[in-house]
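Please look through the sequence and the fold shown here, and keep both at hand while reading the report that follows.

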Amino acid sequence: MAIRNILHDDDPLLKKKSRPVTDYNDRLHTLLDDMRETLLTANGVGLAAPQVGVLRRVVLVVDTNKEDLSPEEQIIELINPEIIAASGEQVGAEGCLSIPGVYGIVKRPDLVKVRAFDRHGKPFEAWGTGLTARAFCHEIDHLNGILFTSLADEILTPEQLEEMYGDDEEDGAEE
Ligand code: ZN
């Protein structure tokens, strides 16, 4: 496994649409393993392949609802993910590993159900609420070249962010 370089928002690759995965081969597994290590090291809640410069429909989401699991075990690998149901609404601060230090207020559904394939090409469904639902939306947006800053109603100043979160551990949830 290797830590890959995370692209920043001035990189044109982040605005491109990613292509579906067709081969569930060693190359995909290496990408997934590297993305896992990169995500854990960056302490984020999600990572999409285009963020490491690979324009393929691959994302990782940390299922923070599963509190009894370790961060490593919380990671869900989603290949060719699609949102199949969404309900409710949450309005909250969102950040991105590709746009360090910037947070904005983004409206997202509160419950999201996705269909995807695992690393061996087996289909499965997953769902999440709260931060996990937000991460599913945020990561799948990356596959379509969409960054949260283009969806944000408001970009927070450092003072506003401090006011909202203080020194709370939640501060810094970046995807
Ligand atoms: Zn992001």
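Strand β4 is mostly covered, since six of its seven residues are buried. This description, like everything that follows, rests on a predicted model. Seven bridges join β4 to β5, and the two strands run antiparallel; together β4 and β5 form a hairpin with two residues between them. Within this pairing, A93 stands opposite I105 in β5.

## The zinc site

Which residues coordinate the zinc ion? The ion is held by C96 through SG, by H138 and H142 through NE2, and by E175 through O, at 2.0 to 2.3 Å. The angles among the four donor atoms of the zinc ion run from 87 to 124°, and the site is tetrahedral. Along the chain, the donors of the zinc ion follow the spacing C-x41-H-x3-H-x32-E. The pair of C96 in strand β4 and H142 in helix α3 links distant parts of the chain, for these two residues are 46 residues apart.

Are these two residues of the site buried or exposed? C96 is buried, with a relative accessible area of 1%, and H142 also counts as buried, because its relative accessibility is 1%, where the cut-off for buried is under 20%.

How many disulfides does a search of the whole structure find? The search finds zero disulfides. In general terms, a disulfide is a covalent bond between the sulfur atoms of two cysteines. For C137, the closest cysteine sulfur is that of C96, and because the two sulfur atoms are 14 Å apart, they are too far from each other for a bond; a disulfide would need the sulfur atoms to lie within 2.5 Å. C137 is itself buried, with a relative accessible area of 7%.

## The five-stranded sheet

A further open sheet is made of five strands in the order β1-β2-β3-β6-β7, and its pairing is antiparallel. Its edge strands are β1 (46–48) and β7 (123–129), each of which pairs on one side only. From one strand to the next, the twist averages 35°. Helix α1, covering residues 26–42, packs on the sheet and touches β1, β2 and β3, while its direction makes about 35° with that of β2.

The individual pairings can be followed across the sheet. Strands β1 and β2 pair in the antiparallel sense over three bridges, and here G46 stands opposite V61 in β2. Strand β2 (residues 58–62) then pairs with strand β3 (residues 75–87) over five bridges, in the antiparallel sense, and V59 has L78 as its bridge partner in β3. On the way to β6 (residues 111–117), β3 again pairs in the antiparallel sense, over six bridges, and the bridge partner of I79 in β6 is F117.

## F136 in helix α3

F136 lies in helix α3, which spans residues 130–143. Is F136 buried or exposed? It counts as buried, because its relative accessibility is 1%, and the cut-off for buried is under 20%.

Which residues does F136 contact, once its neighbours within four places in sequence are left aside? F136 is in contact with V61, I76, L78, V112, V114, A126, W127 and G128. F136 and I79, in turn, are 57 residues apart in sequence and 12 Å apart in space, taken from C-alpha to C-alpha.

Definitions and conventions: Residues are numbered from 1 along each chain as its sequence is written. This is a predicted model: local features need pLDDT of at least 70, side-chain atom pairs count only at pLDDT 80 or more; totals for chains, interfaces and linings use all residues. Side-chain values use heavy atoms; hydrogens and water are left out. Two strands pair if DSSP finds at least two bridges between them. Helices (H or I, at least four residues) and strands (E, at least two) are DSSP runs, numbered from the N terminus. Axes are lines fitted to C-alpha atoms, for helices over the stretch in contact, and angles run from 0 to 180 degrees between N-to-C directions. Contact means heavy atoms within 4.5 Å. Buried means under 20% relative accessible area, exposed over 50%, partly exposed in between (1.4 Å probe, protein chains only). Donors are N, O and S atoms within 2.8 Å of the metal (3.2 Å for Na, K and Ca); water is not among the atoms, so sites may look incomplete. Four donors count as tetrahedral if all angles lie between 85 and 135 degrees; four count as square planar and six as octahedral if opposite donors are over 155 degrees apart and all others between 65 and 115; anything else is irregular.
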